[in-house]
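Subject: Handing over a structure, with notes on what was found

Dear colleague,

I am passing this structure on to you, and below it you will find my notes, which are meant for someone who has not looked at it before. Please read them with the structure open beside you.

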Amino acid sequence: RQFWVFLAVYLLAVALILFINASIYKCQNAFQDWPAFFRALYYQFLLFQAVILWIWAGYNAGAALKEEILQKSYDFFRMLPLSAVDKAVGILTGKNLVALLFGVANFVFLLAFGILGQVSGGLQVQFFLLLISVGLAASVGGLMISTHAPAKQSKGSGFAAVMFLSFFAIPAILSAFSATSSAKSLETKCIAFFDAEVPVLLLISALAFYYAGWMFKGVMRVLTRENDPLFSRGGGMGFLAAHVVIILGFAWSHFLPDSFPVPICAFWVGSLFPLLFIPLGSVRTFERYLEESSGSVETGTAGAGAFLRRSNLAYWMTLGVVWAIPSVIVGVVTGLRPDVAIFEAGVVLSFCLVLFLLLELTVVYMPIFSKIGVLVSVIVGILLFLPIILSGIFSSDSLYAFCLPGYLARLFGGDERGLRVSLLSLVLAYNLALSLVPLWLVFRRYQFIVSARRKM
(Lines give C-alpha, C1' and ligand atoms only; values in the text may rest on other atoms or scores of the structure.)
Protein backbone atom coordinates (compact mmCIF):
# COMPACT_ATOMS: atom_id res chain seq x y z
CA ARG A 1 0.00 0.00 0.00
CA GLN A 2 2.81 2.39 0.79
CA PHE A 3 4.20 1.87 -2.70
CA TRP A 4 1.06 3.37 -4.22
CA VAL A 5 1.34 6.35 -1.90
CA PHE A 6 4.96 6.87 -2.97
CA LEU A 7 3.98 6.43 -6.62
CA ALA A 8 1.22 9.01 -6.29
CA VAL A 9 3.62 11.54 -4.75
CA TYR A 10 6.20 10.88 -7.47
CA LEU A 11 3.63 11.29 -10.27
CA LEU A 12 2.36 14.51 -8.70
CA ALA A 13 5.91 15.89 -8.56
CA VAL A 14 6.52 14.98 -12.22
CA ALA A 15 3.18 16.46 -13.27
CA LEU A 16 3.93 19.64 -11.31
CA ILE A 17 7.30 20.13 -13.03
CA LEU A 18 5.82 19.50 -16.48
CA PHE A 19 2.80 21.76 -15.86
CA ILE A 20 4.84 24.70 -14.57
CA ASN A 21 7.34 24.48 -17.43
CA ALA A 22 4.58 24.20 -20.02
CA SER A 23 2.90 27.28 -18.50
CA ILE A 24 6.19 29.19 -18.60
CA TYR A 25 6.75 28.15 -22.22
CA LYS A 26 3.26 29.29 -23.27
CA CYS A 27 2.83 32.46 -21.23
CA GLN A 28 6.29 33.83 -20.42
CA ASN A 29 8.22 33.10 -23.64
CA ALA A 30 11.18 32.02 -21.55
CA PHE A 31 12.33 29.42 -24.09
CA GLN A 32 13.52 30.20 -27.58
CA ASP A 33 12.30 26.95 -29.11
CA TRP A 34 11.27 23.41 -28.27
CA PRO A 35 14.85 22.08 -27.83
CA ALA A 36 15.47 24.81 -25.24
CA PHE A 37 12.27 23.77 -23.45
CA PHE A 38 13.34 20.11 -23.32
CA ARG A 39 16.87 21.06 -22.20
CA ALA A 40 15.36 22.91 -19.27
CA LEU A 41 13.33 19.83 -18.39
CA TYR A 42 16.46 17.69 -18.69
CA TYR A 43 18.37 19.72 -16.09
CA GLN A 44 15.37 19.92 -13.77
CA PHE A 45 14.91 16.16 -13.84
CA LEU A 46 18.66 15.84 -13.34
CA LEU A 47 18.33 17.66 -10.02
CA PHE A 48 15.23 15.63 -9.18
CA GLN A 49 17.22 12.46 -9.82
CA ALA A 50 19.97 13.68 -7.51
CA VAL A 51 17.41 14.14 -4.72
CA ILE A 52 16.18 10.56 -5.20
CA LEU A 53 19.57 8.81 -5.52
CA TRP A 54 21.73 10.96 -3.27
CA ILE A 55 19.37 11.96 -0.44
CA TRP A 56 16.48 9.50 -0.32
CA ALA A 57 18.51 6.37 -1.10
CA GLY A 58 21.29 7.44 1.27
CA TYR A 59 18.80 8.06 4.07
CA ASN A 60 17.15 4.67 3.54
CA ALA A 61 20.50 2.86 3.64
CA GLY A 62 21.50 4.79 6.74
CA ALA A 63 18.38 3.63 8.59
CA ALA A 64 18.54 0.01 7.44
CA LEU A 65 20.31 -1.73 10.32
CA LYS A 66 18.78 0.60 12.90
CA GLU A 67 15.34 -0.57 11.80
CA GLU A 68 16.45 -4.19 12.03
CA ILE A 69 17.57 -3.59 15.62
CA LEU A 70 14.38 -1.75 16.56
CA GLN A 71 12.24 -4.53 15.09
CA LYS A 72 14.35 -7.09 17.00
CA SER A 73 15.24 -8.96 13.81
CA TYR A 74 18.92 -8.09 13.71
CA ASP A 75 20.02 -11.30 15.44
CA PHE A 76 18.12 -13.31 12.84
CA PHE A 77 19.75 -11.23 10.10
CA ARG A 78 23.21 -11.98 11.51
CA MET A 79 22.54 -15.73 11.49
CA LEU A 80 21.44 -15.87 7.85
CA PRO A 81 23.65 -18.28 5.86
CA LEU A 82 24.74 -15.54 3.48
CA SER A 83 28.08 -13.92 2.80
CA ALA A 84 28.73 -10.37 3.95
CA VAL A 85 28.60 -9.20 0.33
CA ASP A 86 25.17 -10.79 -0.18
CA LYS A 87 23.89 -9.22 3.04
CA ALA A 88 25.16 -5.75 2.13
CA VAL A 89 23.85 -5.90 -1.43
CA GLY A 90 20.53 -7.25 -0.16
CA ILE A 91 20.17 -4.38 2.32
CA LEU A 92 21.10 -1.72 -0.24
CA THR A 93 18.70 -3.00 -2.88
CA GLY A 94 15.91 -4.04 -0.54
CA LYS A 95 15.73 -0.77 1.40
CA ASN A 96 16.01 1.28 -1.81
CA LEU A 97 13.78 -0.76 -4.07
CA VAL A 98 11.15 1.97 -4.46
CA ALA A 99 13.81 4.67 -4.84
CA LEU A 100 15.57 2.60 -7.51
CA LEU A 101 12.31 2.06 -9.40
CA PHE A 102 11.64 5.80 -9.44
CA GLY A 103 15.26 6.37 -10.39
CA VAL A 104 14.89 4.09 -13.42
CA ALA A 105 11.74 5.97 -14.44
CA ASN A 106 13.59 9.26 -14.05
CA PHE A 107 16.43 7.99 -16.22
CA VAL A 108 13.88 7.30 -18.96
CA PHE A 109 12.68 10.91 -18.68
CA LEU A 110 16.29 12.12 -18.73
CA LEU A 111 17.11 10.13 -21.83
CA ALA A 112 14.01 11.37 -23.65
CA PHE A 113 14.48 15.02 -22.66
CA GLY A 114 18.19 14.82 -23.43
CA ILE A 115 17.54 13.61 -26.96
CA LEU A 116 14.70 16.08 -27.59
CA GLY A 117 16.72 18.90 -26.03
CA GLN A 118 19.81 18.06 -28.12
CA VAL A 119 21.99 17.63 -25.05
CA SER A 120 25.41 16.25 -25.97
CA GLY A 121 25.69 12.47 -25.61
CA GLY A 122 29.06 12.80 -23.90
CA LEU A 123 27.63 15.21 -21.33
CA GLN A 124 24.70 12.87 -20.67
CA VAL A 125 27.09 9.96 -20.06
CA GLN A 126 29.13 12.06 -17.62
CA PHE A 127 26.01 13.13 -15.72
CA PHE A 128 24.84 9.51 -15.63
CA LEU A 129 28.13 8.36 -14.11
CA LEU A 130 28.02 11.24 -11.63
CA LEU A 131 24.51 10.33 -10.46
CA ILE A 132 25.35 6.63 -10.11
CA SER A 133 28.73 7.10 -8.40
CA VAL A 134 27.65 9.70 -5.85
CA GLY A 135 24.40 7.81 -5.23
CA LEU A 136 26.38 4.61 -4.59
CA ALA A 137 28.76 6.43 -2.25
CA ALA A 138 25.83 7.99 -0.36
CA SER A 139 24.06 4.65 0.07
CA VAL A 140 27.16 2.67 1.07
CA GLY A 141 28.24 5.49 3.37
CA GLY A 142 24.80 5.55 4.97
CA LEU A 143 24.94 1.78 5.51
CA MET A 144 28.41 2.05 7.05
CA ILE A 145 27.23 4.77 9.42
CA SER A 146 24.17 2.72 10.40
CA THR A 147 26.45 -0.10 11.59
CA HIS A 148 27.83 2.23 14.28
CA ALA A 149 24.96 4.63 15.00
CA PRO A 150 22.79 3.88 18.04
CA ALA A 151 19.34 2.57 17.25
CA LYS A 152 16.64 5.03 18.32
CA GLN A 153 12.98 5.04 17.54
CA SER A 154 12.21 7.78 15.05
CA LYS A 155 8.89 9.01 13.77
CA GLY A 156 8.15 9.43 10.10
CA SER A 157 9.93 7.89 7.14
CA GLY A 158 12.78 8.52 4.83
CA PHE A 159 10.38 9.34 2.05
CA ALA A 160 8.78 12.05 4.18
CA ALA A 161 12.22 13.51 4.87
CA VAL A 162 13.04 13.54 1.15
CA MET A 163 9.76 15.23 0.32
CA PHE A 164 10.49 17.85 2.98
CA LEU A 165 13.91 18.52 1.46
CA SER A 166 12.46 18.46 -2.03
CA PHE A 167 10.04 21.22 -1.04
CA PHE A 168 13.00 23.51 -0.50
CA ALA A 169 14.71 22.17 -3.63
CA ILE A 170 11.75 23.00 -5.92
CA PRO A 171 12.97 26.57 -6.63
CA ALA A 172 16.35 25.19 -7.67
CA ILE A 173 14.72 22.50 -9.83
CA LEU A 174 12.43 24.98 -11.57
CA SER A 175 15.23 27.48 -12.18
CA ALA A 176 17.61 24.89 -13.59
CA PHE A 177 16.93 25.95 -17.17
CA SER A 178 18.75 29.22 -16.45
CA ALA A 179 21.94 27.22 -15.94
CA THR A 180 21.67 25.41 -19.27
CA SER A 181 24.34 27.45 -21.03
CA SER A 182 26.86 27.09 -18.21
CA ALA A 183 26.13 23.36 -17.87
CA LYS A 184 27.22 22.79 -21.47
CA SER A 185 30.76 23.81 -20.57
CA LEU A 186 30.97 21.05 -17.96
CA GLU A 187 31.51 18.49 -20.71
CA THR A 188 34.87 20.00 -21.63
CA LYS A 189 35.72 21.54 -18.24
CA CYS A 190 38.93 19.86 -17.06
CA ILE A 191 40.98 19.93 -13.90
CA ALA A 192 44.67 19.16 -13.50
CA PHE A 193 45.42 15.87 -11.77
CA PHE A 194 49.18 15.34 -11.70
CA ASP A 195 50.19 16.05 -15.31
CA ALA A 196 46.86 15.06 -16.88
CA GLU A 197 43.82 17.18 -17.69
CA VAL A 198 40.77 15.19 -16.59
CA PRO A 199 37.11 16.19 -17.18
CA VAL A 200 35.82 17.44 -13.85
CA LEU A 201 32.63 15.35 -13.88
CA LEU A 202 34.53 12.16 -14.67
CA LEU A 203 37.08 12.90 -11.94
CA ILE A 204 34.34 13.45 -9.36
CA SER A 205 32.68 10.21 -10.45
CA ALA A 206 35.95 8.29 -10.22
CA LEU A 207 36.62 9.62 -6.71
CA ALA A 208 33.06 8.78 -5.63
CA PHE A 209 33.47 5.20 -6.89
CA TYR A 210 36.85 4.98 -5.16
CA TYR A 211 35.61 6.13 -1.75
CA ALA A 212 32.46 4.03 -2.15
CA GLY A 213 34.77 1.03 -2.55
CA TRP A 214 36.56 1.86 0.69
CA MET A 215 33.25 2.32 2.51
CA PHE A 216 31.96 -0.99 1.14
CA LYS A 217 35.12 -2.64 2.44
CA GLY A 218 34.35 -1.10 5.82
CA VAL A 219 30.83 -2.52 5.74
CA MET A 220 32.26 -5.96 4.93
CA ARG A 221 34.60 -5.69 7.90
CA VAL A 222 31.79 -4.72 10.27
CA LEU A 223 29.53 -7.54 9.08
CA THR A 224 32.25 -10.19 9.36
CA ARG A 225 34.21 -8.92 12.39
CA GLU A 226 31.74 -7.07 14.58
CA ASN A 227 34.05 -6.66 17.57
CA ASP A 228 36.91 -5.18 15.56
CA PRO A 229 37.33 -1.48 14.73
CA LEU A 230 36.27 -0.19 11.34
CA PHE A 231 39.89 0.23 10.18
CA SER A 232 42.44 -2.49 10.48
CA ARG A 233 45.96 -1.21 11.08
CA GLY A 234 47.05 -1.92 7.53
CA GLY A 235 43.77 -0.65 6.12
CA GLY A 236 43.98 2.68 7.93
CA MET A 237 47.56 3.21 6.78
CA GLY A 238 46.66 2.30 3.21
CA PHE A 239 43.66 4.65 3.20
CA LEU A 240 45.77 7.54 4.49
CA ALA A 241 48.58 6.90 1.99
CA ALA A 242 46.13 6.68 -0.93
CA HIS A 243 44.35 9.83 0.20
CA VAL A 244 47.66 11.69 0.38
CA VAL A 245 48.41 10.61 -3.20
CA ILE A 246 45.00 11.91 -4.35
CA ILE A 247 45.52 15.30 -2.69
CA LEU A 248 49.03 15.36 -4.15
CA GLY A 249 47.50 14.84 -7.60
CA PHE A 250 45.30 17.92 -7.22
CA ALA A 251 48.12 20.10 -5.90
CA TRP A 252 50.84 18.77 -8.23
CA SER A 253 50.56 21.46 -10.91
CA HIS A 254 50.88 24.19 -8.25
CA PHE A 255 54.11 22.91 -6.72
CA LEU A 256 56.50 25.52 -8.05
CA PRO A 257 59.60 27.00 -6.45
CA ASP A 258 58.82 29.97 -4.21
CA SER A 259 55.07 29.21 -4.32
CA PHE A 260 54.67 29.17 -0.52
CA PRO A 261 52.24 29.32 1.29
CA VAL A 262 49.09 28.29 -0.63
CA PRO A 263 50.16 24.94 -2.17
CA ILE A 264 51.67 23.50 0.99
CA CYS A 265 48.77 24.68 3.16
CA ALA A 266 46.19 23.29 0.73
CA PHE A 267 48.06 19.99 0.66
CA TRP A 268 48.46 19.85 4.43
CA VAL A 269 44.82 20.66 5.17
CA GLY A 270 43.49 18.30 2.49
CA SER A 271 45.68 15.40 3.57
CA LEU A 272 45.26 16.02 7.31
CA PHE A 273 41.57 15.08 7.53
CA PRO A 274 42.11 11.29 7.44
CA LEU A 275 44.87 11.59 10.03
CA LEU A 276 42.36 13.19 12.40
CA PHE A 277 39.46 10.82 11.68
CA ILE A 278 41.07 7.42 11.09
CA PRO A 279 41.87 7.11 14.82
CA LEU A 280 38.13 7.30 15.57
CA GLY A 281 37.60 4.25 13.35
CA SER A 282 40.62 2.28 14.53
CA VAL A 283 40.20 2.45 18.30
CA ARG A 284 41.03 -0.68 20.24
CA THR A 285 38.78 -0.75 23.27
CA PHE A 286 39.81 -1.36 26.88
CA GLU A 287 38.38 -4.90 26.70
CA ARG A 288 40.43 -5.56 23.56
CA TYR A 289 43.51 -4.33 25.40
CA LEU A 290 42.89 -6.86 28.15
CA GLU A 291 42.62 -9.67 25.61
CA GLU A 292 45.77 -8.70 23.73
CA SER A 293 47.89 -8.33 26.86
CA SER A 294 47.34 -11.95 27.88
CA GLY A 295 50.73 -13.04 26.54
CA SER A 296 52.73 -10.28 28.23
CA VAL A 297 55.52 -11.50 30.51
CA GLU A 298 56.77 -8.08 31.61
CA THR A 299 55.32 -6.10 34.48
CA GLY A 300 55.47 -2.59 35.89
CA THR A 301 57.06 0.17 33.83
CA ALA A 302 58.70 -2.26 31.41
CA GLY A 303 55.39 -4.01 30.76
CA ALA A 304 53.61 -0.70 30.23
CA GLY A 305 56.36 0.43 27.83
CA ALA A 306 56.04 -2.77 25.80
CA PHE A 307 52.26 -2.32 25.83
CA LEU A 308 52.65 1.29 24.64
CA ARG A 309 54.45 0.06 21.51
CA ARG A 310 51.38 -2.04 20.62
CA SER A 311 48.81 0.56 21.65
CA ASN A 312 46.48 2.88 19.80
CA LEU A 313 48.89 5.74 20.43
CA ALA A 314 51.81 4.05 18.70
CA TYR A 315 49.68 3.25 15.66
CA TRP A 316 48.24 6.75 15.44
CA MET A 317 51.66 8.37 15.63
CA THR A 318 52.84 5.99 12.89
CA LEU A 319 50.00 7.38 10.78
CA GLY A 320 51.35 10.84 11.63
CA VAL A 321 54.77 9.89 10.26
CA VAL A 322 53.14 8.59 7.06
CA TRP A 323 51.50 12.00 6.69
CA ALA A 324 54.61 14.01 7.66
CA ILE A 325 57.07 12.55 5.14
CA PRO A 326 55.33 13.79 1.96
CA SER A 327 54.32 17.00 3.77
CA VAL A 328 57.96 17.88 4.46
CA ILE A 329 58.90 17.11 0.85
CA VAL A 330 56.09 19.36 -0.41
CA GLY A 331 57.25 22.14 1.91
CA VAL A 332 60.80 21.97 0.57
CA VAL A 333 59.60 21.95 -3.05
CA THR A 334 57.45 25.04 -2.49
CA GLY A 335 60.25 27.09 -0.98
CA LEU A 336 60.63 26.23 2.71
CA ARG A 337 64.05 25.44 4.09
CA PRO A 338 64.27 21.72 5.01
CA ASP A 339 64.71 22.43 8.72
CA VAL A 340 61.72 24.79 8.76
CA ALA A 341 59.59 22.28 6.83
CA ILE A 342 60.44 19.55 9.35
CA PHE A 343 59.72 21.94 12.19
CA GLU A 344 56.35 22.94 10.69
CA ALA A 345 55.29 19.32 10.22
CA GLY A 346 56.50 18.48 13.71
CA VAL A 347 54.31 21.21 15.20
CA VAL A 348 51.27 19.86 13.33
CA LEU A 349 52.06 16.39 14.69
CA SER A 350 52.32 17.86 18.21
CA PHE A 351 48.74 19.14 17.86
CA CYS A 352 47.71 15.67 16.72
CA LEU A 353 49.56 14.08 19.64
CA VAL A 354 47.46 16.07 22.13
CA LEU A 355 44.24 14.97 20.40
CA PHE A 356 45.41 11.34 20.21
CA LEU A 357 46.28 11.32 23.92
CA LEU A 358 42.86 12.68 24.83
CA LEU A 359 41.18 10.02 22.70
CA GLU A 360 43.28 7.28 24.28
CA LEU A 361 42.51 8.73 27.69
CA THR A 362 38.84 8.26 26.91
CA VAL A 363 39.44 4.64 25.87
CA VAL A 364 41.37 3.52 28.93
CA TYR A 365 39.28 5.37 31.52
CA MET A 366 35.85 4.60 30.05
CA PRO A 367 35.33 1.56 32.35
CA ILE A 368 35.86 3.82 35.39
CA PHE A 369 34.17 7.04 34.22
CA SER A 370 31.40 6.28 31.72
CA LYS A 371 30.90 9.99 30.91
CA ILE A 372 34.54 10.83 30.39
CA GLY A 373 33.84 11.32 26.69
CA VAL A 374 31.78 14.41 27.53
CA LEU A 375 34.65 15.92 29.51
CA VAL A 376 37.19 15.15 26.80
CA SER A 377 34.91 16.66 24.12
CA VAL A 378 34.71 19.90 26.09
CA ILE A 379 38.49 19.96 26.53
CA VAL A 380 39.01 19.40 22.81
CA GLY A 381 36.63 22.24 21.99
CA ILE A 382 38.53 24.55 24.34
CA LEU A 383 41.90 23.60 22.86
CA LEU A 384 40.66 24.10 19.30
CA PHE A 385 38.95 27.47 19.70
CA LEU A 386 39.98 29.24 22.92
CA PRO A 387 43.30 30.56 21.48
CA ILE A 388 41.37 32.12 18.56
CA ILE A 389 38.96 33.81 20.98
CA LEU A 390 41.79 35.07 23.19
CA SER A 391 43.64 36.32 20.13
CA GLY A 392 40.68 38.53 19.29
CA ILE A 393 40.24 39.71 22.89
CA PHE A 394 43.88 40.66 23.37
CA SER A 395 44.46 41.75 19.74
CA SER A 396 47.36 39.32 19.49
CA ASP A 397 48.81 38.22 16.16
CA SER A 398 50.36 35.12 17.65
CA LEU A 399 47.91 33.59 20.14
CA TYR A 400 45.71 31.92 17.56
CA ALA A 401 48.70 29.91 16.32
CA PHE A 402 48.39 27.88 19.54
CA CYS A 403 45.47 25.85 18.17
CA LEU A 404 45.45 23.68 15.07
CA PRO A 405 42.85 25.67 13.04
CA GLY A 406 44.59 28.95 13.84
CA TYR A 407 48.02 27.52 13.10
CA LEU A 408 46.99 26.35 9.64
CA ALA A 409 45.07 29.58 8.97
CA ARG A 410 48.14 31.64 9.85
CA LEU A 411 50.17 29.65 7.33
CA PHE A 412 47.55 30.35 4.66
CA GLY A 413 47.45 34.05 5.40
CA GLY A 414 51.17 34.75 5.74
CA ASP A 415 53.62 35.63 3.04
CA GLU A 416 56.62 34.76 5.19
CA ARG A 417 58.56 31.50 4.86
CA GLY A 418 56.53 29.83 7.56
CA LEU A 419 56.10 31.06 11.09
CA ARG A 420 59.05 32.42 13.02
CA VAL A 421 61.18 29.70 14.58
CA SER A 422 60.73 31.30 18.00
CA LEU A 423 56.95 31.09 17.70
CA LEU A 424 57.18 27.54 16.36
CA SER A 425 59.25 26.60 19.39
CA LEU A 426 56.67 28.11 21.75
CA VAL A 427 53.79 26.29 20.06
CA LEU A 428 55.71 23.01 20.12
CA ALA A 429 56.59 23.44 23.80
CA TYR A 430 52.97 24.33 24.58
CA ASN A 431 51.67 21.14 22.94
CA LEU A 432 54.29 18.96 24.60
CA ALA A 433 53.40 20.48 27.99
CA LEU A 434 49.71 19.74 27.34
CA SER A 435 50.65 16.14 26.55
CA LEU A 436 52.41 15.42 29.83
CA VAL A 437 49.41 14.90 32.11
CA PRO A 438 47.34 12.80 29.65
CA LEU A 439 50.43 10.72 28.84
CA TRP A 440 51.06 10.05 32.54
CA LEU A 441 47.42 9.07 33.12
CA VAL A 442 47.38 6.80 30.07
CA PHE A 443 50.67 5.18 31.06
CA ARG A 444 49.28 4.43 34.52
CA ARG A 445 46.33 2.63 32.96
CA TYR A 446 48.68 0.65 30.73
CA GLN A 447 50.47 -0.52 33.88
CA PHE A 448 47.13 -1.48 35.40
CA ILE A 449 46.10 -3.44 32.28
CA VAL A 450 49.33 -5.42 32.22
CA SER A 451 49.24 -6.23 35.94
CA ALA A 452 45.50 -6.99 35.95
CA ARG A 453 45.84 -9.40 33.05
CA ARG A 454 48.65 -11.30 34.73
CA LYS A 455 46.49 -11.81 37.81
CA MET A 456 43.61 -13.30 35.80
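In these notes a salt bridge is a side-chain nitrogen of Lys or Arg within 4 Å of a carboxyl oxygen of Asp or Glu. Please keep in mind that this is a predicted model, in which local features need pLDDT of at least 70 and side-chain atom pairs count only at pLDDT 80 or more, while totals for chains, interfaces and linings use all residues. Residues are numbered from 1 along each chain as its sequence is written, and side-chain values use heavy atoms, with hydrogens and water left out.

Salt bridges

The search of the whole structure gives 4 salt bridges, and a network of them links R221, R225, D228 and R288. D228 meets R221 through their side chains at 3.9 Å, N to O, and D228 also pairs with R225, where the closest N and O atoms are 2.7 Å apart. A further salt bridge joins D228 to R288, again with 2.7 Å between the closest N and O atoms. That pair links distant parts of the chain, 60 residues apart, since D228 lies in the loop between α10 (200–224) and α11 (233–251) and R288 in helix α13 (residues 286–292); helices here are DSSP runs (H or I, at least four residues), numbered from the N terminus.

As for accessibility, buried means under 20% relative accessible area, exposed over 50%, and partly exposed in between (1.4 Å probe, protein chains only). D228 counts as buried because its relative accessibility is 16%, and R221 is likewise buried at 17%. R225, with a relative accessible area of 45%, is partly exposed, as is R288 at 24%.

The largest cavity

A cavity is a set of points, on a 1 Å grid over the protein atoms alone, where a 1.4 Å probe fits but cannot get out, and its lining residues have an atom within 4 Å of a point. Grid points are joined across faces, edges and corners, and a volume is the space filled by probe spheres set on the points. The whole structure holds 2 cavities of 30 Å³ or more, and the largest has about 90 Å³ of space. Its lining includes F351, L383, F402, Y430 and N431, and the elements that give two or more residues to this lining are α16 (338–365), α17 (372–393) and α19 (421–455).

Helix α2 (residues 34–62) has 29 residues and spans 41 Å from its first C-alpha to its last, close to the 42 Å expected at 1.5 Å a residue, where the expected span is 1.5 Å times one less than the number of residues. Of those 29 residues, 24 are buried, and α2 is thus mostly covered. I55 lies in this helix and is partly exposed, at 34% relative accessibility; its C-alpha atom is separated by 8.1 Å from that of G135, which is 80 residues away along the chain.

S311 sits in the loop between α14 (300–309) and α15 (312–333) and counts as buried because its relative accessibility is 0%. Leaving aside residues up to four places away in sequence, S311 touches R233, Y289, E360 and Y446, a contact being heavy atoms within 4.5 Å.

With best regards

Notes: 1 Å grid on protein atoms, 1.4 Å probe; cavity = no way out; pocket = protein on both sides within 12 Å on 5 of 7 lines; lining within 4 Å.
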